[in-house]
Amino acid sequence: MGKVVYAAAMSHVLYPDYYGKNVGPHGRRMVEELIAVVRDMGRDMLAAKPDALVVIADDHLNVFSFDAIPAMCVRIGRSVQRMVQDDAIEFDRALDGLPERYPLHEDLANRVLEQGMEAGFDFAASWSAPLDHAFLSPVSTLCGPLPVPPLVPFWVNCFIAPQPTARRCFAAGRHIARVVAEGPWRVAVIATGGLSHFPGLSLARVGTSDVLFDRWLVSLMEVGDHEALCALTMKDLDESGSHEFLNWMVLVGAVSTARARVRFFGEMGRIDLAALEWALP
């Protein structure tokens, strides 16, 4: 019987030079503190000896396009490429020194996809989508120089309306948990992104965050108030700049019997940085 052996969520721009340039010395120091915490979390994750690592993150319109944007997408196949972009923004250029290709856990990805379709989830499948900073910045920080477990990348449409609801993301996480429980593997699950920020979606609020909203979200995860989290609307997430919290909702669904523990929370101004772990039974 399979098991989720590690679960965590964290911000996904783990690049001090970016924050040093765009925020200043306190931004650099804050993300460096977060990186140290994530590296420590990675030691815990790898000590759990996962057979696979499910990574839930969002597209930044550099994988999908306005031709078609899936609500949720599972990357299948045997390996996945690191994204290479001639016009990459700063924090994607930080991936340049990383391996060009990563192994996928083909069997688990196929089961998440195929059993999801049978269960009523209209997941998209991709055989060729590469991974950007939303996936590889946290993964490379967690694993450092050690081998990365075979990945199951899972995209959520966080930015382009109509997005999946928070409740639907929670249900997708419950589905992933069922697939893992029915399989033979030890699985780590992480979600990335956030917390609140406004990456060009609201020009009037670029460079700001919503600290009160973020601390409220964290408190709900600490006590396991899933109904309040599922009741979040896109209006709530749009107004607070918490679009990427939809990624976290998939993870919350996957570990719904557990409670979150805060490993890091930082109020930068431009964005609130965070890293949480779940105490698994």
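Predicted model: local features only at pLDDT ≥ 70, side-chain atom pairs only at ≥ 80, totals over all residues.
**Figure 1. Salt bridge between Arg 28 and Glu 32 in helix α2.** The closest N and O atoms of Arg 28 and Glu 32 are 3.7 Å apart, which meets the criterion for a salt bridge (a side-chain nitrogen of Lys or Arg within 4 Å of a carboxyl oxygen of Asp or Glu). Both residues belong to helix α2 (residues 25-47), where they are 4 residues apart, about one turn of the helix. Helices (H or I, at least four residues) and strands (E, at least two) are DSSP runs, numbered from the N terminus. Arg 28 is partly exposed at 29% relative accessibility, and Glu 32 is partly exposed at 37%. Buried denotes under 20% relative accessible area, exposed over 50%, and partly exposed in between (1.4 Å probe, protein chains only).

**Figure 2. Salt bridge between Glu 267 and Arg 215.** The closest N and O atoms of this pair are 3.0 Å apart. Glu 267 lies in strand β9 (residues 259-267) and Arg 215 in helix α7 (residues 211-223), so the pair ties together parts that are 52 residues apart in sequence. Glu 267 is partly exposed at 41%, as is Arg 215 at 42%.

**Figure 3. Salt bridge between Arg 263 and Glu 277.** The N to O distance is 3.0 Å. The pair links distant parts of the chain, with Arg 263 in strand β9 and Glu 277 in strand β10 (residues 272-279), 14 residues apart. Both residues are buried. Salt bridges with shared partners join Arg 263 and Glu 277 with Asp 40, Arg 43, Asp 44 and Arg 261 in one network.

**Notes.** Residues are numbered from 1 along each chain as its sequence is written, and side-chain values use heavy atoms, without hydrogens and water. Local features need pLDDT of at least 70 and side-chain atom pairs count only at pLDDT 80 or more, whereas totals for chains, interfaces and linings use all residues.
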